[in-house]
Amino acid sequence: VVGGHAQAVVGTTAVKNGKTVLLVNGEEVIYNGRSVVVETTAPIGGAGGVKVHVGLVEQNGKLLMVNGKLVEPLRHKGKPVLLGDQLVLIGDGKLFLADAASVQVVRPTGGKLDVGGNVLGSTQETGILTVRGGGIDLKTTGDVNVNKSRVATFGGGDINITSTHGNINAGSGGRDEVVQFVIEELKFNPDGTPVIGPDGKQAKEFLIFLIPGSGISTFHPPPRVVNGKVVEPGDPFPLVFPKFNTPEIDAINREIEKASFFGRDTTVLRARKKQLEDARNPVYAEEFNRFIDPLLLGNITLLAEEKNIVVPIAGIRGRDVVAVTPKGETTGEGTIQGRVRFERDESKPSTGVLPPVIGTFNPPGGGAPATGGGSLPPPAAPPPPAPTNATANAGGSASKSADSAAESAIDTASSQAKAEAKSKQVAAKDDDKEKSTKVTQSIKMKHGVIIQVEVKPHSGG
């Protein structure tokens with residue numbers, strides 16, 4: 001324990017469905033969206049102890065690798081997992097054990113970390129960046145502020161950020177801000193010898209990335225071609241994430257919206273919607289796993305041990321994204337893309353404030369996996385309006401006709417959405433010389449429906 005925070009958590013094993021799975025406090029440890037199965041383990045090779053940063057492991061001053069893949073500590077809620085007196089590591093899909101007595105854990109740096117400022121300078125090509133699969137580890141005691149800069153991996157590397165006492169603010173970039181990054185590299189032949197250009201110097205090539213203006217993101221690399229041959233695979237561009245909503249779910253959302261607009265009870269509709277979503281969840285989860293597993297996007301783990309994680313409008317994107325806060329919630333207006341897990345300290349209450357997710361996500365507290373398509377649910381039903389004499393005395397057929405006409409207006413009025421309602425102010429006088437002002441306002445409701453409302457201000461207002 002350092003500074004009141006445990007540096008690791010203790011794991012156990014249990015047999016479930018005929019497989020031995022790794023547990024922490026009764027919860028299954030998840031890696032790449034799936035429970036960790038402990039079939040075979042091996043001691044970590046090499047001489048000397050290991051040093052654990054956040055998601056990177058060092059041995060003898062070099063990053064630990066297996067078959068060209070980085071080794072990382074297996075983590076639960078952002079903390080390394082111990083099995084007995086051994087630290088569990090994972091690399092290239094295999095589990096390794098390191099004697100905990102010989103493991104060092106890097107302590108956070110003091111103070112806060114400002115990756116960039118809030119004013120763009122003469123160049124936008126700034127930030128903490130890697131290419132070719134390199135990972136990024138940041139660990140501080142104070143806030144981590146990305147601001148107008150970025151923390152990004154351009155070749156599928158992982159990003160791990162921990163703040164022990166501060167917030168993690170993932171940036172202030174807008175959704176539509178785009179920066180072109182041009183990275184210059186020397187060219188080599190497949191055998192490693194340099195490619196010599198006509199000027200007798202080693203030839204160069206340029207990698208171009210179009211990325212959001214700021215934020216925390218991993219980016220799938222394009223295929224790398226040398227002399228007409230693909231030497232490194234790439235991902236399709238742009239990425240088109242699978243949609244969660246089916247036509248049936250979209251249709252019932254529209255029905256709920258209509259009923260909510262008229263103040264009707266939506267209990268039956270919402271129950272049917274939940275049935276459709278419950279049936280869709282496991283199907284979509286498999287679809288999304290098939291989509292995202294082959295991608296070269298990196299994973300992102302954000303751990304704010306005492307405060308919060310702020311998701312910018314530009315959003316956060318990774319393959320597996322883990323967000324750990326005391327209450328399992330985040331703030332901000334952005335969307336998280338990927339296979340997302342929200343984790344929290346079980347000793348603290350949760351208000352359940354979560355950002356929209358494009359992909360699959362596990363809610364805090366170990367709930368069942370859920371899914372999200374990046375769209376918000378229909379609005380909650382407002383309280384029904386108080387009846388007036390006119391509506392109370394209206395006949396059933398007349399009321400039904402009016403409802404049908406109004407529902408038709410909701411369906412078709414979206415074409416009028418571009419017509420902005422203008423407020424008109426009308427002055428009136430009565431015979432008693434009392435001056436009053438009536439304000440007639442056109443209020444544009446959802447889907448372009450126009451309702452005129454008259455309000456009379458207080459005297460002298």
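A salt bridge is a side-chain nitrogen of Lys or Arg within 4 Å of a carboxyl oxygen of Asp or Glu. The exercises below use this rule and others on a predicted model.

**Exercise 1.** How many salt bridges does the count come to, and what parts does the pair of Glu-27 and Lys-77 tie together?

Solution. 
- Step 1. The rule gives 15 salt bridges.
- Step 2. In one of them, Glu-27 and Lys-77 have their closest N and O atoms 3.7 Å apart.
- Step 3. Glu-27 belongs to strand β3 (residues 27-28), while Lys-77 sits in the loop between β13 and β14 (79-83), so the pair ties together parts that are 50 residues apart in sequence.

**Exercise 2.** Is Lys-77 buried or exposed? Is Lys-112 buried or exposed?

Solution. 
- Step 1. Buried means under 20% relative accessible area, and exposed means over 50%.
- Step 2. Lys-77 has a relative accessible area of 16%, so Lys-77 is buried.
- Step 3. Lys-112 has a value of 55%, so Lys-112 is exposed.
- Step 4. Lys-112 forms a salt bridge with Asp-114, with the closest N and O atoms 3.6 Å apart. Asp-114, at 40%, is partly exposed.

**Exercise 3.** Why is the pair of Phe-241 and Phe-288 stacked?

Solution. 
- Step 1. Rings pair if their centres lie within 6.5 Å, and planes under 30 degrees apart count as stacked.
- Step 2. The ring centres of Phe-241 and Phe-288 are 5.9 Å apart and the planes are at 20 degrees, so the pair is stacked.
- Step 3. Phe-241 is in the loop between β29 (229-232) and α1 (247-261), and Phe-288 is in helix α2 (residues 267-292), so the pair ties together parts that are 47 residues apart in sequence.
- Step 4. Both Phe-241 and Phe-288 are buried. They also belong to one aromatic cluster, together with Phe-244, Tyr-284 and Phe-291.

**Exercise 4.** Which residues lie nearest the centre of the largest cavity, and how do the residues of its lining divide?

Solution. 
- Step 1. The largest cavity holds about 300 Å³ of space.
- Step 2. Its lining has 22 residues, and those nearest the centre are Ile-30, Tyr-31, Arg-75, Thr-301 and Val-322.
- Step 3. The lining divides into seven nonpolar, seven polar and eight charged residues.
- Step 4. Arg-75 also forms a salt bridge with Glu-72, with the closest N and O atoms 3.3 Å apart. Both Arg-75 and Glu-72 are buried.

Key. Residues numbered from 1 in each chain as written. Predicted model: local features only at pLDDT ≥ 70, side-chain atom pairs only at ≥ 80, totals over all residues. Heavy atoms only, no water. 1 Å grid on protein atoms, 1.4 Å probe; cavity = no way out; pocket = protein on both sides within 12 Å on 5 of 7 lines; lining within 4 Å. Points joined across faces, edges and corners; volume = space filled by probe spheres on them. Nonpolar A, V, L, I, M, F, W, Y, C, P; charged D, E, K, R; others polar. Phe/Tyr/Trp six-rings, centres within 6.5 Å; stacked < 30°, edge-to-face > 60°. Helix = DSSP H or I, 4+ residues; strand = E, 2+ residues; numbered from the N terminus. Buried < 20%, exposed > 50% of the residue type's maximum accessible area, 1.4 Å probe, protein only.
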